[in-house]
Amino acid sequence: MNTLDLQLVEEAYPLTPDFCAAWAALHARAPGANVFNTLAWLEEGVHIFCRAGERVRPLRFVTPAGETVAVCMLRETMTHGKLWRKRCLRTVDYNVQRFVPLVAATPEYLAAALLVLYRARARHYDMLDFFKLDGLDGQLTTIVEQLRAQGVPASLTPFNEQPYLTLDPDWEVVYRAHSPVFWKNPRRMHNKLDREIGVVRHVRLRDADAMAMLPAALDAMSSVLHKSWQADTIEQEGQYTVGQMEAFYRAIAHVMARNGQLDLNVLYAGDIPLAFDYNLVQGACVYVIIGMYDGAYAKYSPGKVLMTLWLRDSHARGDRRIEFGGEHLEYKKQWTTTNATAYRLRLRGKTLVSRVASLLGR
């Protein structure tokens with residue numbers, strides 16, 4: 001791993017057009033880069049969720065010839081422990097599933113950029129933390145081994161398990177993977193909603209000609225969000241507010257719709273929105289970002305009714321992988337038993353606090 005060929009350049013924030021263009025060019029070819037590594041996703045996360053006192057650190061890694069081969073946007077924050085506060089440089093990972101810590105042209109440049117970053121910043125931070133990382137088909141482990149070989153105190157640990165569903169090209173194979181009872185209940189509830197509440201409609205905003213309905217669909221999403229059981233949980237946990245979540249997903253929807261990557265599903269009974277699933281699409285992969293239902297209609301299982309409707313439609317469209325992310329696993333395990341591990345990469349800094357914490361095993 002030759003790091004002498006790379007120079008670390010700290011960029012301005014707000015981002016310059018030149019940096020944005022370099023990011024977009026790299027993202028188009030970077031191994032492992034996905035929708036969660038787009039500047040639109042990361043910047044909206046910073047705008048909505050970044051706390052007072054945190055600073056955004058956009059970084060560029062450049063060869064002697066002036067070619068940008070890696071970029072990242074990190075945030076500088078403080079963590080509060082029992083004994084001390086730690087100054088941390090960490091990923092912008094609001095609401096992401098698995099993603100890469102840096103957008104780099106090759107795995108080799110990713111490894112070299114991480115080493116350059118560590119050598120340049122380890123004296124200033126107690127730790128460099130990268131969360132929710134994709135394993136890159138084993139390449140992430142190789143990169144960590146290379147870092148350790150260069151004397152970097154790197155630890156790679158599982159962060160969470162993220163279920164995913166692979167769709168066979170034959171729908172009957174997908175159907176038979178679950179018992180008949182599994183499919184029977186949503187059909188029964190669908191019919192019951194028709195009879196007792198109103199005619200069931202599934203609205204899916206994914207094609208360009210459907211985007212005229214986006215404002216109404218987002219209003220329906222907001223209505224369901226505020227009536228869901230998750231709304232109370234979010235407010236009680238206090239990490240962010242329902243208002244922040246709503247603002248984030250509304251803003252991102254418009255950006256992703258322009259990019260052809262939004263997949264917003266709403267279930268109605270008559271004119272009443274009962275449930276929504278907010279997804280993103282990249283190629284043949286659907287990322288299930290957030291789904292909620294109106295608690296007043298819980299007995300009709302509106303979330304499961306909606307899921308069965310858009311899942312079959314997805315299969316017909318050619319979608320072949322459904323990524324569920326890493327929360328509410330009991331519900332997701334109804335659909336699949338296949339998981340991928342998301343990782344946390346921690347590089348201990350060279351500060352006094354970091355050295356003492358290392359000695360104490362913290």
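This report walks through the cores, cavities, pockets and a few individual residues of one predicted model.

Numbering starts at 1 along each chain as its sequence is written. Since the model is predicted, local features need pLDDT of at least 70 and side-chain atom pairs count only at pLDDT 80 or more, while totals for chains, interfaces and linings use all residues, and side-chain values use heavy atoms, with hydrogens and water left out.

## The cores

Let's start inside. A nonpolar core here is a set of buried Ala, Val, Leu, Ile, Met, Phe, Trp, Tyr and Cys residues joined through side-chain atoms within 4.5 Å. Buried means under 20% relative accessible area, exposed over 50%, and partly exposed in between (1.4 Å probe, protein chains only). The largest nonpolar core has 91 residues, and the members that touch the most others are Trp41, Phe61, Phe130, Leu262 and Tyr278. Helix α3 (residues 107-121) supplies the largest share of this core, 9 residues. Helices (H or I, at least four residues) and strands (E, at least two) are DSSP runs, numbered from the N terminus. There is also a second, separate core of 26 residues, with Leu165, Leu267, Val286 and Val305 among them. As background, nonpolar side chains tend to be buried together in soluble globular proteins.

Which residues does Phe130 touch, leaving aside neighbours within four places in sequence? The contacts of Phe130 (heavy atoms within 4.5 Å) are Leu74, Thr91, Pro101, Leu102, Leu114, Leu117, Tyr343, Arg344, Leu345 and Leu347.

Leu117 sits in helix α3 and is buried because its relative accessible area is 0%. Not counting residues up to four places away in sequence, Leu117 touches Leu8, Leu59, Phe61, Leu74, Leu89, Ala122, Leu128 and Phe130. Leu59 is 58 residues from Leu117 along the chain, and their C-alpha atoms are separated by 9.0 Å.

On a 1 Å grid over the protein atoms alone, a cavity is a set of points where a 1.4 Å probe fits but cannot get out, and a pocket is an open set with protein on both sides within 12 Å along at least five of seven lines; lining residues have an atom within 4 Å of a point. Grid points are joined across faces, edges and corners, and a volume is the space filled by probe spheres set on the points. For the linings, Ala, Val, Leu, Ile, Met, Phe, Trp, Tyr, Cys and Pro count as nonpolar, Asp, Glu, Lys and Arg as charged, and the others, Gly among them, as polar.

The structure holds 1 cavity of 30 Å³ or more. Its 14 lining residues include Asn37, Leu42, Met73, Val100 and Pro101, the closest to the centre. Strand β3 (residues 68-80) gives the most to this lining, with 4 residues.

For the second largest pocket, 21 residues form the lining, and Arg98, Asp134, Gly135, Leu136 and Asp137 are the closest to its centre. The elements giving two or more residues to that lining are α4 (139-149), β12 (321-323) and β13 (339-348).

| Space | Volume | Lining residues by type |
|---|---|---|
| Largest cavity | about 70 Å³ | 12 nonpolar, 2 polar, no charged |
| Second largest pocket | about 370 Å³ | 7 nonpolar, 9 polar, 5 charged |

His178 is in the loop between α5 (171-176) and α6 (180-196). Is His178 buried or exposed? His178 counts as buried because its relative accessibility is 17%. Beyond four places in sequence, His178 touches Trp183, Gln334 and Trp335. A polar atom of the His178 side chain lies 3.4 Å from the backbone oxygen of Trp335.

Tyr164, in strand β7 (residues 154-166), counts as buried at 16% relative accessibility. Setting aside neighbours within four places, Tyr164 is in contact with Arg321, Ile322, Glu323, Phe324, Thr336, Thr338, Asn339 and Ala340.

Most residues other than glycine have a negative phi, and most peptide bonds are trans. The peptide bond from Tyr13 to Pro14 is cis, with omega near 10°, and Pro14 is in the loop between β1 (7-10) and α1 (17-27).

Asn95 has a positive phi, near 65°, and lies in the loop between β4 (85-91) and β5 (103-104). Ser301 has a positive phi too, near 50°, in the loop between β11 (285-293) and α10 (302-317). Asn95 counts as partly exposed at 22% relative accessibility, and Ser301 counts as partly exposed at 23%.

Note on methods. Polar contact = N/O pair within 3.5 Å; in protein donor to acceptor, adjacent residues only side chain to side chain.
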